[in-house]
Amino acid sequence: MTVSANTHPQQLVLTNRKAEYEIDPVFLQRWSPRAYSSRPVSDETLLQVLEAARWAPSAVNWQPWRFVVAKTEEDRAKFLSFLFEGNAVWCKQAPVLILLASESLRPDGEGENTAHAFDAGTAWGFLSIQAARLGLYTHAMGGFDKEQAKRVLNLPESVVPHVVISLGYYGDPAELPEPLKAREQPSTRRRLETFVFEGQYGQALRVR
Ligand SMILES: Cc1cc2nc3c(=O)[nH]c(=O)nc-3n(C[C@H](O)[C@H](O)[C@H](O)COP(=O)(O)O)c2cc1C
């Protein structure tokens, strides 16, 4: 399907994505576009999205995720200063950018929390699904200068940045630069059988 200004993003989902087994449609509806509308995201909506992340499970319920939100022009400019150009070029349109980081130290002072990055990933998953439920779109980006982000946002040494997440409503894909226009498609996935095993790694799941 060609992406035109009036292609509804959910039409792209229906065309590109088919689940092999029945799942909640929201898992297919969440995808990572680059065309954002300038329509603002209300604080209530932003908080609903972050609230979903709050309920993610984590090792020992330590909840190591940390979020730094940029929604003013001034704060968004700070984020754009450390995002790599290939991301900045499109995500500058998104009304909200969120840095997801995690505290790498255990709260009990006993050294490193070895699950902090894993738990931050779960929080990202929850957040992105809640955003999709509300008709918004998220796009995680690992392409940014992590050291610069730490300096600019004043992160403590033990807090590890992972991704910047764009959040907003879908915009007009016709406004994207040419090479990105062609990539504005929900991606598909490998088949289950290529990564699900039974008994030992590499052995196919036996389905009765
Ligand atoms: C940890 C992580 C880092 C990513 N970094 C980037 C990035 O720097 N730039 C980008 O355009 N997309 C980035 N992505 C988005 C992925 O490319 C995208 O999620 C993947 O292709 C699957 O597509 P979907 O999210 O539309 O289902 C990143 C995603 C994750 C989870």
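This report describes the ligand site, the salt bridges and a nonpolar surface patch of a predicted model.

Local features are given only where pLDDT is at least 70 and side-chain atom pairs only at pLDDT 80 or more, while totals for chains, interfaces and linings use all residues. Residues are numbered from 1 along each chain as its sequence is written, and side-chain values use heavy atoms, with hydrogens and water left out.

**Ligand site.** The shell around the ligand holds 15 residues, of which Arg 17, Arg 30, Ser 32, Arg 34 and Gly 142 come nearest; a residue is counted as near if one of its heavy atoms lies within 4 Å of the molecule. Among the polar contacts (pairs of N or O atoms within 3.5 Å), a polar side-chain atom of Arg 17 lies 2.6 Å from a ligand oxygen atom, one of His 139 lies 2.8 Å from a ligand nitrogen atom, and one of Arg 189 lies 2.8 Å from a ligand oxygen atom. Taken alone, the ligand exposes 620 Å², and the protein buries 61% of that, with accessible areas taken from the Shrake-Rupley method with a 1.4 Å probe. Helix 5 (85–91) and strand 3 (137–141) are the elements that give two or more residues to this shell, and strand 3 gives the most, with 3 residues; helices are DSSP runs of H or I with at least four residues, and strands are runs of E with at least two.

**Salt bridges.** A search of the whole structure finds 11 salt bridges, each being a side-chain nitrogen of Lys or Arg within 4 Å of a carboxyl oxygen of Asp or Glu. The table lists some of them.

| Pair | N to O distance |
|---|---|
| Arg 191 and Glu 20 | 3.4 Å |
| Asp 75 and Lys 78 | 3.7 Å |
| Glu 178 and Lys 181 | 3.3 Å |

Arg 191 lies in the segment after helix 8 (178–182) and Glu 20 in the loop between helix 1 and helix 2, so the pair ties together parts that are 171 residues apart in sequence. Glu 20 and Arg 191 are also linked with Glu 193 in a network of salt bridges. By contrast, Asp 75 and Lys 78 both lie in helix 4 (residues 73–82), about one turn apart. Glu 178, at 56% relative accessibility, counts as exposed, whereas Lys 181, at 22%, is partly exposed; the classes are buried under 20%, exposed over 50% and partly exposed in between.

**Surface patch.** Tyr 21, Leu 192 and Phe 195 form a nonpolar surface patch with about 330 Å² of accessible area together, where patch members have over 30% relative accessible area and no salt bridge, and nonpolar side chains are joined within 5 Å. Tyr 21 lies in the loop between helix 1 (9–16) and helix 2 (26–29).

Notes: A polar contact is a pair of N or O atoms within 3.5 Å; within protein, one must be able to donate a hydrogen and the other to accept it, and residues adjacent in sequence count only if both atoms are side-chain atoms. Patches are made of residues with over 30% relative accessible area and no salt bridge: like charges are joined within 9 Å, nonpolar side chains (Val, Leu, Ile, Met, Phe, Trp, Tyr) within 5 Å. Buried means under 20% relative accessible area, exposed over 50%, partly exposed in between (1.4 Å probe, protein chains only).
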